[in-house]
Every structure is written in C-alpha cells, then in structure tokens.
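Have the sequence and the 3D view open as you read.

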Amino acid sequence: MYIVQIASECAPVIKAGGLGDVVYGLSRELEIRGNCVELILPKYDCMRYDHIWGLHDAYTNLSVPWYGAAINCSVYCGWVHGRVCFFIEAHSQDNFFNRGCYYGCDDDNMRFAFFSKAALEFLLQSNKRPDIIHCHDWQTGLVPVMLNEIYKYHGMEHQRVCYTIHNFKHQGIGGVNTLRATGLNQEAYYFQYDKLRDNFNPFALNFMKGGIVYSNAVTTVSPNHAWEARTTDVGSGLGHTLHLHQDKFSGVLNGIDYDFWNPEIDRYIPYNYTHDDFEQKLYNKKALRERLLLRSDDKPIIAYIGRLDNQKGVHLVHHAIYHALNKGAQFVLLGSATEPGINAHFQHEKQFLNSNPDVHLELGFNEELSHLIYAGADMIIVPSNYEPCGLTQMIGLKYGTVPVVRGVGGLVNTVFDRDYDQNVPPEQRNGYVFYDTDYLALESAMDRAIDLWYQHPEEFRNLAIGGMKYDYSWNAPGTEYLKIYDWIKHQW
Ligand SMILES: Nc1ncnc2c1ncn2[C@@H]1O[C@H](COP(=O)(O)OP(=O)(O)O[C@H]2O[C@H](CO)[C@@H](O)[C@H](O)[C@H]2O)[C@@H](O)[C@H]1O
C-alpha cells in the first residue's frame, strides 16, 4: 500500500510532544511491513536539521492557491532516520514556518490551513496518488475537507483519508477568512452544522470537526479514550459529532518505537540493560544523580516528564514533588509550559527548591536528558486530568520504571494496579493507579509505591522487571491501522 502521512510533527526532527513520536513510529512500522510510506511536514526554521539526512530540493515551483492568488513554495526532501520526508517551505511575507516555534502564534489556524492546502497541492502537482492519506490532529483537519470538496475533482478521487485525533482539546477554529484563503468559499454551505460549523460557537468553523465529518475513518489513540470522547466531556464539544459518525470511529492504542525507546540499545544512556541484567539500571540512577547534582542516598527517584499544562494535572505534579520529599524520595521533573502562568509557577518552584539536594526541576525540552531520566528513575508519575493515550508510562515500563498514574484515557488501557486491579492476574499487574483528582488520591498511590520500594525491595524489583516484559511496540497497532486502511481503501 502507498501511504502518505501529513502532520505537523515527526520525531525526532520536529517534536513538541507525543504526536511526533507516533507519526514517526507508525510510519516506520508500516514501512517494515512492506508498505511505501512518505511524510509531508512543514519546513520550520527551528526543527532539528541535524536529524535530517540528504536534504535537497525536490520540487521548486509549487504554486499554492491562496486568497485567489498564489504563494510559491519549495519542497525539500530528506531522510529522517530512514523515513522519506517532504518539507514544505512557503515563500511569503507571512513567514508561516519561520517563527522560531512550532505552535503558539496568533495565526496558527491560517498557518496550518495553508500547510494542509500546500500538502494537497504537492500531491496533485507531483502526481503522487497514495492509497491512503493519514492526517493527524486539528492542524491537518482541513485536508479531508479540501480533498473531497476540491481535489477530488482534479484527479484525486481515489484517495482515502484516515484521521487520527491525539488531543480533542485543541480543535483549530477559523472563520470566513479560512474559506476565502483556501478556496473553499461557499460560506453558507460550510457553516452548516453537518459540515464545519462549531457545535457551540455558531460564528466559528471547526477544523477538527471537518476532519471527522469528511474522513473515511477516524481514530483516537486508545480504546478507552474513544469511549470517553464520545460519552463524556473530554470530547471537548465533539461528542455529538463523534456519535453521529460512530461507525467510522475507533480507538487504536499507540505503540512505542522500541528501536528508539529501548534500554538495551539506547545510545543516550551510559549503561544499557535488559530485564536480565536489571542491576545495570542502578548505574544509570547514579549517572542521573551526578548529572543533576542530586545527593547519593538510599532513596527512590520519582520522575515526571511531559508538557506542563492543565491536561497533565499540574496541580498534582506540583503536589507530588513535595509529597515525594516528605516520604523520603527524590524527585526529578523535566517539562515545559507554554502557558505563561504555569511557566512562572514552575520557574518560581525551581528557584525555591534550588538548594534542595533531593529534587531537580529541568524546565525546557531535552530529548537526550529524557532518556537518562527514564533509565535512572524508579517510578514515573502521570497524574493527568485527561490522557488520550500517554506515552511516558509505556516508555517508563520499557525502562523498568514503575508508573504511578491516574486512571483515565489510555492510562487505563496500559497500567494495571498492583494491589487492586481485579481484571488482570497479579503477575501481569505493572504499576499503581488512582482515580480522583485530589491530593489524597495521589498520595495513596504514591505511598503504596514508595512503601513497596522501601519495605519489599525484591517485590518492587519484580514489579519493575515484569513491566519491562510488556509489549507496547507498534506491532499490534500497526496491524490495526493496516486493517483500517484496507477497509477504507475499498470504500466508494
Ligand atoms: N520537556 C521534555 N523534554 C523531552 N521530552 C519530552 C518533554 N516533554 C515531553 N517529552 C516527550 O514527549 C512525549 C510526550 O508524550 P505524551 O504521551 O505525554 O504526549 P502529549 O500529551 O504531548 O500528546 C498527545 O498525543 C500523544 C500521542 O498520541 C498521546 O499519547 C497523548 O495522550 C496526547 O496528549 C514523550 O516522548 C516524552 O518523553
């Protein structure tokens, strides 16, 4: 099968979070199974060019219709750890992708509407006719809309779209301008409720809703989140739309790329290890302490790695730091916040805790350091308010780092409470789960994990080693996506 992924991220060259990991990992898995996979991405000025091999001009005169005129683009081609990627650069004073950031600009909706249009123009003009176009999140929600309303009539009538939603919170909101810019026009038509009109704001068009309405298949990143999105408020207002389109909507649990996230071969950690020589993990713990200037003591290290925003339960992350210290544990945090208030809060915490030898807060994005933390920590905490899938608990498991998580979204599908999970046999339980969003709930799960570490170290070790044996690779999800592709390929 010929598959083209259109996305705003692909790890490690463009990574703001889990979306990048998934786009890369899924592409790799599909290619290993003999499919032809290509990726189309924006050419951001701030991406990690050191991860691209052989970048060259692939298509120089891509003329993209925009507001009735056209923007000239160049398309570059290069290999990102073996994957063929096309990067679109727009020559316009809008400077769409030269902003020193991936997201967070006032005109993000226009930037990614343009990217979606340019990606389709590139397919059209370069005569690429994939069987499947796989788009991700709100940034590419307009791809299936434009494919069906415009490009279908220009020779792209056979392309089918799978649309994956990684986060319902950000949906991409536009207005009449979006329609004029992209050439969709026809205001009255797109402002209908069964098209793009936002379910709650009658004056807005919703890109993600467009993606759901117009795609042949829609997925989110875990079965439990698929259920939550349809039936609870985590669908952020799209529950009804998902309900109407439930026949093509499902949850496919993400995988982890074990070629990249694997303590046995990880080149960012000083001591490689497997579940057979688990003792080596201790040397990584020592290396982590040395790197972050934590004191050497007989204490567990609890880690948090992730974006710092309301989704991630920042109030509980904050509380976990102090509770860990009270319980005689050390705490390491690696995270970045885009919201100024949250950023200021954690900057303040960092200064306040600066001289404490049992805690380190690293504020920023650091891929290399994240690997050492996964390898060196004893536990990883994921106290999210909602979590479509969550990768950090799955990476933690692979590194023998016991997850302590809130039972929501994909965390429910991946972490099984050692003491209480009745649905899973004791030998298959792999972490700790709490449910409420208050401090007591968090504390009770942390206490159980910390107590086991102190009082029954052998059992804690068995729990960690058991977790390493779980298979959360792309193997099973790869099969599921291929089934979906196959199903929509034969749809008319
Ligand atoms: N400061 C930092 N430095 C270095 N690395 C960092 C980092 N902050 C985060 N990371 C890394 O980024 C990834 C984050 O994974 P998450 O599952 O938390 O994704 P996120 O919430 O961004 O994305 C959404 O998409 C993913 C993928 O579908 C879903 O799993 C998730 O639930 C959904 O919210 C991990 O690889 C983590 O190690």
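## The cavity lining

Sorted by class, the largest cavity is lined by three nonpolar, two polar and two charged residues. Here Ala, Val, Leu, Ile, Met, Phe, Trp, Tyr, Cys and Pro count as nonpolar, Asp, Glu, Lys and Arg as charged, and the others, Gly among them, as polar. The lining consists of Lys 43, Glu 89, Ala 90, Asn 95, Phe 96, Phe 97 and Asn 98. A cavity is a set of points on a 1 Å grid over the protein atoms alone where a 1.4 Å probe fits but cannot get out, and lining residues have an atom within 4 Å of a point.

The volume of this largest cavity is about 40 Å³, and the count of cavities of 30 Å³ or more comes to one.

## About the model

The model is predicted: local features need pLDDT of at least 70, side-chain atom pairs count only at pLDDT 80 or more, and totals for chains, interfaces and linings use all residues. Residues are numbered from 1 along each chain as its sequence is written, and side-chain values use heavy atoms, leaving out hydrogens and water.

## A helix pair

Helix α15 (residues 439-455) packs on helix α16 (residues 457-468) at an angle of about 120 degrees, with the axes 5 Å apart. That angle makes α15 oblique to α16. Oblique is what remains after under 35 degrees (roughly parallel), over 145 (roughly antiparallel) and 65 to 115 (roughly perpendicular).

In this contact (heavy atoms within 4.5 Å), Ala 449, Leu 452, Trp 453, Tyr 454 and Gln 455 of α15 meet Pro 457, Glu 459, Phe 460 and Leu 463 of α16.

Terms used
Axes are lines fitted to C-alpha atoms, for helices over the stretch in contact, and angles run from 0 to 180 degrees between N-to-C directions. Helices (H or I, at least four residues) and strands (E, at least two) are DSSP runs, numbered from the N terminus. On a 1 Å grid over the protein atoms alone, a cavity is a set of points where a 1.4 Å probe fits but cannot get out, and a pocket is an open set with protein on both sides within 12 Å along at least five of seven lines; lining residues have an atom within 4 Å of a point. Grid points are joined across faces, edges and corners, and a volume is the space filled by probe spheres set on the points.
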